Structure formats: C-alpha cells, structure tokens
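Please read the points below with the model open beside you.

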Amino acid sequence: MPETYTHGHSAAVLRSHTWRTAENSAAYLLDSLEAGQRLLDVGCGPGTITLDLAARVAPGPVVGIDAESVVVIAAARRAEEVGAPNVTFATGDAYALDFPDQSFDVVHAHQLLQHLADPVAALREMRRVLRSGGILGVRDSDYAAFAWAPGDPLLDRWLELYHQVTRHNGAEADAGRRLHGWANAAGFHEVRASSSTWTFADPDSRAWWGGLWADRVRESSFADQARSYGFTSTAELELVAGAWQRWAAHPDGFFAVLHGEVLARR
C-alpha cells in the first residue's frame with residue numbers, strides 16, 4: 001500500500017520546505033563533508049538542502065530523490081537556475097533505491113523517516129547503497145517535545161490532532177527521539193545522536209511560523225486528512241488557525257522545534 005504523506009505539498013508547506021538550508025537543517029552533518037564525495041539525499045523535497053550540500057562536496061556527484069514528481073521537477077529547475085552541474089534530481093522510493101550496492105559516500109535524509117511506516121527498512125536500504133565506512137546523516141522532528149509560550153488549549157489541540165493524523169497514517173510524529181534506536185536496528189555502526197532546534201521568537205519569525213501553520217490548519221493535506229478521518233471539523237480547525245495567529249502576534253511568543261539527529265557509519 002502507498003504511504004500517506006501527512007503534510008502534502010500545499011503552498012504553506014512549500015514555504016517551510018524551501019526555507020530550509022544546510023546551515024539551519026543539516027549543521028550536524030557539515031563537518032563530515034568534503035570535496036569529491038558522492039552524496040544521496042533521500043526525500044529531497046524542493047532541493048534547497050540538497051543544493052547546499054552539493055556545493056560542499058563539489059565536484060562530487062549528488063543525487064536528490066523524492067516520491068513526489070512535482071517537487072522533483074521544481075528541484076531540478078532550481079538546480080538549473082543556480083548552476084549546479086554536479087546535481088541531478090529524480091523520483092524514487094526510499095524502500096527500493098535505484099542504485100547498486102555501495103554507490104555513495106554519504107546518504108542524507110531530512111524530515112523523512114517520521115513519515116514512513118517502516119523507517120528501519122528505509123534505513124537498511126540507505127545502508128545498502130553506502131560504501132563501507134560511508135556516512136549516514138538523518139534528522140527528524142519530535143513533535144511531543146515542541147515547546148511554546150504563551151500556552152493555549154487550542155494549540156494543545158493542534159498537537160493532539162497532529163498525533164492522531166500521523167498515527168492513522170502509520171507514521172511517527174515523535175521520530176526524533178527514535179532515530180538512535182532505528183539506526184542501531186538497521187545495522188549501522190558508530191551511531192552518534194545529537195539534537196538541535198529551530199526557534200521562533202522575534203516578531204518576523206513568529207509571523208512566518210504562525211502564519212504558515214495557520215494556513216496549514218486551514219488548507220493542506222493535514223487539514224483534509226484530519227477532517228476525512230473524523231478527528232475534527234472545519235469549524236474547529238478555524239479556531240486552531242486563529243490560535244496560531246494570536247500566538248504569532250503575542251509579544252511574548254516563543255516556539256522551539258526539537259529535532260533528533262544521527263550520524264552513523266556503514
């Protein structure tokens with residue numbers, strides 16, 4: 001059965017995805033990169049992180065794959081615009097990577113494993129295409145560890161709904177804390193876990209983060225799924241969206257997104 005992607009690819013989701021860079025989303029991996037490495041980015045989305053990583057390993061070849069053809073096309077267009085001749089993008093399946101054994105020096109995946117029904121199987125496939133001694137870098141959010149102020153019961157309800165939807169989809173919203181165990185189960189060695197955060201507290205970042213989540217709550221795959229699964233209504237989602245907007249406008253507003261990270265070797 002095909003996997004169900006909780007977020008989808010609405011404009012609000014893509015605003016978040018295209019904001020991501022190697023610096024704000026893959027800093028834990030950067031010291032492991034060097035020129036000439038062959039790198040695979042699994043679940044590359046619109047390719048912004050991929051292109052940053054490619055600049056660091058150039059002239060080494062970089063491949064970004066994603067299950068969604070629309071975002072792959074957008075990523076390829078972005079690569080042409082910035083001039084990245086060492087990068088190619090293609091549709092692909094994280095459970096069945098279309099590459100021979102030991103094809104890459106580095107395999108990277110950002111915010112992918114939390115959406116998969118069998119993350120350990122995907123990690124085993126990433127291990128297969130890594131050379132002996134090659135580097136795995138994975139990073140995922142941990143929704144239960146998110147922290148915000150001021151408190152609002154409607155934001156608590158948002159988090160409850162998110163967990164309900166992801167569980168229904170067979171996914172793991174709190175993947176960040178589980179990456180270490182998943183990498184061990186997949187057979188990796190020298191597994192090193194770390195964590196980092198995105199923090200939204202100044203007026204501009206609050207407006208951006210709160211605004212995109214207000215939009216996601218109103219119109220996105222998450223909203224559609226929450227309604228279709230019978231977990232909520234359009235009226236309740238409108239109340240939750242309003243809570244996001246109130247949080248963004250509050251001068252004391254603070255939101256921290258915790259991510260778990262793992263570096264490991266084949």
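**Notes on the predicted model**

1. Pro150 lies in the loop between strand 6 (147-149) and helix 7, where helices (H or I, at least four residues) and strands (E, at least two) are DSSP runs numbered from the N terminus. The peptide bond that runs from Ala149 to Pro150 is cis, with omega near -10 degrees.

2. Before going further, please note that this is a predicted model, in which local features need pLDDT of at least 70 and side-chain atom pairs count only at pLDDT 80 or more, whereas totals for chains, interfaces and linings use all residues. Residues are numbered from 1 along each chain as its sequence is written, and side-chain values use heavy atoms, with hydrogens and water left out.

3. A cis peptide bond also joins Ala58 and Pro59, with omega about 5 degrees, and Pro59 sits in the loop between helix 4 and strand 2. In the loop between strand 4 and helix 6 (119-129) there is Gln111, whose phi is near 55 degrees, a positive value in a residue other than glycine. For background, most residues other than glycine have a negative phi, and most peptide bonds are trans.

4. The largest pocket has a volume of about 760 Å³. A pocket here is an open set of points on a 1 Å grid over the protein atoms alone, where a 1.4 Å probe fits, with protein on both sides within 12 Å along at least five of seven lines, and lining residues have an atom within 4 Å of a point; the volume is the space filled by probe spheres set on the points, which are joined across faces, edges and corners. Of the 41 residues lining the largest pocket, Tyr5, Asp66, Gln111, Leu112 and His115 are the closest to its centre. Elements that give two or more residues to this lining include helix 1 (11-19), strand 2 (62-66) and helix 9 (203-218). By class, the lining has 18 nonpolar, 16 polar and 7 charged residues, with Ala, Val, Leu, Ile, Met, Phe, Trp, Tyr, Cys and Pro counted as nonpolar, Asp, Glu, Lys and Arg as charged, and the others, Gly among them, as polar.

5. Helix 7 (residues 153-168) packs with helix 10 (residues 221-228) at an angle of about 80 degrees, their axes being 10 Å apart; axes are lines fitted to C-alpha atoms, for helices over the stretch in contact, and angles run from 0 to 180 degrees between N-to-C directions. Helix 7 and helix 10 are therefore roughly perpendicular to each other, a term that covers 65 to 115 degrees, while under 35 counts as roughly parallel, over 145 as roughly antiparallel and the rest as oblique. In helix 7, Trp158, Leu161, Tyr162 and Val165 meet Phe222, Gln225 and Ala226 in helix 10, where meeting means contact, that is, heavy atoms within 4.5 Å. This contact of helix 7 with helix 10 has 6 nonpolar, 1 polar and no charged residues.

6. Helix 7 also packs with helix 11 (residues 234-249), at an angle of about 120 degrees and with axes 9 Å apart, and the two helices are therefore oblique to each other.

7. The axes of helix 9 and helix 10 come within 6 Å and cross at roughly 40 degrees, and helix 9 and helix 10 are therefore oblique to each other.
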